[in-house]
Amino acid sequence: MSPRRPHRPQAAGARTGARTVSEAAPRSGTVVESYGRRVIVRADETGERLACKLRGRRLEVVAGDRVVLQPESAHEGAWLVQDRLPRRNVLLRTDSRGLDESIAANLDQLGVVVAPRPNCDPFIVDRYFAGAGYAGIPPLLILNKEDLLGGADDGGPDFGFVEIYRRIGIPVEQVSAKKGTGLERLIERLRGKRTLLAGQSGVGKSSLTNALCGDAWRATSELSTGSGEGRHTTVASAIVQLAWGELADSPGVRDYAPPVVDAKDVQAGFVEIAERAAGCRFQDCLHVREPQCAVQAAVATGEIDPRRHESYQRLLNLNRQLDEKRGWRA
Ligand code: GDP
Ligand code: ZN
């Protein structure tokens, strides 16, 4: 099947046999599934899902990337990703060797899912929010399994730490994927946006995705089933388009560590620390042991939560360790 004729004037003239170039003129689209060198692109004009290969080894694309496609001359109906258009943002992670990896691009929101059980590690939550902060992606906290909160017989899991996120301006939505409660309010938060969902395993991310998307998820993405296209290749990231917005998913958000940055930029991942840094005596203050530090002063008065400050210091250390590993390789 040859691609549908785009509604635009014919591009540079030459005829190739019976087919004119215009029949297969360049097209643009959004990457909705990425398997390393192979991707699925949703074409702008027709909404078709086109299986494409990447042209050249240096091109790197992930779900959410805007791309330009060219027909692959040797195979009719096959497309090559020619180019990646500039990104509005990209969520990066670092692997254990300190190397950056892109997870997904052009996101409107990072939704971090937590639950009363399994026990939530707030340091992991802070690492997600730090990665989003580095990339300039607005955060959202989704507290799942609200049906387990404050139950008479369950000893009442402590969710006080959620309050700290509310205080620093992160929106919090409380839901139960199992009971279906809170989903409408959550959908209002997701409406018109592309949201990447992240979270520790067991928090109910798949249950929540299923509750929000129904069959749309499994029908369009091999991420959750490991079948088809995905079986023999590593899925980097995928996006599902729904009536009210888009959800993105990636195995890259498991075991997440933000990319390595300059030590002085780690604070960009902690909004309440970054906004006080201007009050420190030293411009390059890392807010750890420096004198006349506005951040340490705010920790002392309780304006900054000590646990968040501790988390910041842990990320500062992790950042240094990963940076050293990276240095050894270079
Ligand atoms: P994932 O690893 O984050 O994808 O988590 P799953 O979706 O596989 O869910 C992990 C476990 O939590 C499963 O046993 C789910 O049935 C359970 N679960 C998910 N959502 C809820 C919820 O809202 N309430 C309760 N009580 N259990 C849930
Ligand atoms: Zn300081």
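User: What classes of residue make up the lining of the largest cavity?

Analyst: Rolling a probe the size of a water molecule over the atoms shows where empty space is left. Here the lining has seven nonpolar, two polar and no charged residues. (Ala, Val, Leu, Ile, Met, Phe, Trp, Tyr, Cys and Pro count as nonpolar, Asp, Glu, Lys and Arg as charged, the others, Gly among them, as polar.) This is a predicted model, with local features needing pLDDT of at least 70, side-chain atom pairs pLDDT 80 or more, and totals for chains, interfaces and linings using all residues. Residues count from 1 along each chain as written, chains are lettered from A and ligands numbered from 1 in written order, and side-chain values use heavy atoms, without hydrogens or water.

User: Which residues line the largest cavity?

Analyst: Thr94, Tyr134, Pro258, Pro259, Val260, Leu315, Leu318, Asn319 and Leu322. A cavity is a set of points on a 1 Å grid over the protein atoms alone where a 1.4 Å probe fits but cannot get out, and lining residues have an atom within 4 Å of a point. Its volume is about 40 Å³.

User: Which atoms coordinate the zinc ion (ligand 2)?

Analyst: Look for Cys280 (SG), Cys285 (SG), His287 (ND1) and Cys293 (SG), at 2.1 to 2.4 Å. Donors are N, O and S atoms within 2.8 Å of the metal (3.2 Å for Na, K and Ca). In sequence, the spacing runs C-x4-C-x1-H-x5-C.

User: Why is the arrangement tetrahedral?

Analyst: Because the four donor atoms subtend angles of 101 to 118 degrees; tetrahedral needs all angles between 85 and 135 degrees.

User: Is His287 buried or exposed?

Analyst: His287 is buried, at 1% relative accessibility. Buried means under 20% relative accessible area, exposed over 50% (1.4 Å probe, protein chains only). Cys280 is buried too, at 9%.

Note on methods:
On a 1 Å grid over the protein atoms alone, a cavity is a set of points where a 1.4 Å probe fits but cannot get out, and a pocket is an open set with protein on both sides within 12 Å along at least five of seven lines; lining residues have an atom within 4 Å of a point. Grid points are joined across faces, edges and corners, and a volume is the space filled by probe spheres set on the points. Four donors count as tetrahedral if all angles lie between 85 and 135 degrees; four count as square planar and six as octahedral if opposite donors are over 155 degrees apart and all others between 65 and 115; anything else is irregular.
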